[in-house]
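Work through the exercises below with the sequence and the structure in view. Try each task before reading its solution.

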Amino acid sequence: MTFRVFVDGQEGTTGLRIFDYLQTRDDIEVLRIASDRRKERDERARLINQADVVFLCLPDEASREAASLVDNPDTCLIDASTAFRTDPDWTYGLPEMTPGQRERIRESKRIANVGCHASAFIMLVRPLIDAGLLPPDYPFSAFSLTGYSGGGKKMIAEFEAATDGSLDAPRPYALTLVHKHLPEMRIHGGLERSPVFTPIVGHFLKGLSVNIPLQRSHLPEGTTVESITRAWQAHYDDASFVNVMAAQDSEALDNGFFDVTACNGTNRVDLCVFGNDERLALVSRMDNLGKGAAGAAVQNMNIHLGLEETTGLSR
Ligand SMILES: NC(=O)C1=CN([C@@H]2O[C@H](COP(=O)(O)OP(=O)(O)OC[C@H]3O[C@@H](n4cnc5c(N)ncnc54)[C@H](OP(=O)(O)O)[C@@H]3O)[C@@H](O)[C@H]2O)C=CC1
Ligand SMILES: CC(=O)N[C@@H](CCC(=O)OP(=O)(O)O)C(=O)O
């Protein structure tokens, strides 16, 4: 059986990457829009309503408009933007989040794909909160190191044009401390209040790592490196794309350094906890264009269509 798929925003960073994943598949027919008509409402509506699955790889406002154009009840939308991630009528596209989430994605016609920083954060904390190892009212903070492709076409062009070295050093941003991923981090992470979250963009194309520092004195007695690792291993036991690493493993560190690009080109997420009796750090890494965006979107499509979840994706 062949499924018809349309990528609205096919010439953007996420859309192009999704297109790469799909073009080699013989179970998917990609509906293309003529480049010079790609922002025409009527032409987009025509293709949206012909498709089994539509990926919206657009700014929030254009995603909302696209969602309003659907009149085919069988069309499933997978939206890459921030527009619907905490909307109760949409299903959050993180299949590994909780038992039952995969099934909800399978049944839903409205799937909100994850934010890159948010999914890297939620995959660290949610299973630990659910297991009672982290209190939901813990005063969480986190930073994230990300490649510049996370900022889409505009940021990629800025970084690639800056040949004078002006963008060579890492650049913290969102310093108003109201990054757009906070609502999904809080709601889907299971937190009582939003974390203090600071992303930092570096002079590399892709790769992302979230780091959550924890004070052991503010945690339940049994929360240790070992119990956290065990809880992740139990929770992600059947998750094809999650790799729980032991801190002492050579794969976690490269001569004492953590490589934030080690998952690039894959749909894998690595999770690790570092620390001692006094302090812990929960650390994840992924390709922001892979498990953080386009790879996650294709994984959600596979699940929704009842296909093998890993089809076309690498680990
Ligand atoms: N980059 C990343 O790592 C991630 C991005 N996302 C989200 O995915 C979405 C897409 O991001 P990204 O690919 O980075 O963005 P880009 O800016 O690279 O691409 C967006 C695309 O949408 C097109 N577009 C804009 N308005 C319209 C419209 N009204 N109708 C049709 N097409 C339109 C743009 O056209 P034009 O070609 O003319 O510019 C562009 O091709 C965003 O909501 C972003 O927040 C999510 C996770 C990660
Ligand atoms: C480097 C950079 O700017 N990254 C983007 C995140 C991209 C992403 O995952 O998120 P959305 O889908 O929510 O856009 C940012 O921090 O806003």
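**Exercise 1.** Which residues come nearest to ligand 2, and how does its shell divide by class?

*Solution.* Step 1: of the 15 residues around ligand 2, the nearest are Thr82, Gly115, Cys116, Gly150 and Gly151. A residue is near a molecule if its C-beta atom, placed from the backbone, lies within 6 Å of it. The model is predicted: local features need pLDDT of at least 70 and side-chain atom pairs count only at pLDDT 80 or more, while totals for chains, interfaces and linings use all residues. Residues are numbered from 1 along each chain as its sequence is written, and chains are lettered from A and ligands numbered from 1 in the order in which they are written.

Step 1: the shell around ligand 2 holds seven nonpolar, seven polar and one charged residues. Here Ala, Val, Leu, Ile, Met, Phe, Trp, Tyr, Cys and Pro count as nonpolar, Asp, Glu, Lys and Arg as charged, and the others, Gly among them, as polar.

Step 2: β9 (196–201) and α9 each supply at least two residues of this shell. Helices (H or I, at least four residues) and strands (E, at least two) are DSSP runs, numbered from the N terminus.

**Exercise 2.** How many residues of domain 1 are in contact with domain 2?

*Solution.* Step 1: 14 residues of domain 1 are in contact with 23 residues of domain 2, where contact means C-beta atoms, placed from the backbone, within 7 Å.

Step 1: on the side of domain 1 that touches domain 2, α9 gives the most, with five residues. That side divides into five nonpolar, seven polar and two charged residues.

**Exercise 3.** Which strands stand at the edges of the six-stranded sheet?

*Solution.* Step 1: the open sheet has the order β2-β1-β3-β4-β6-β5, with parallel pairing. Two strands pair if DSSP finds at least two bridges between them.

Step 1: β2 (28–31) and β5 (91–93) each have a single partner strand, so one side of each is left without a neighbour in the sheet; these are the edge strands.

Methods. Contact = placed C-beta atoms within 7 Å.
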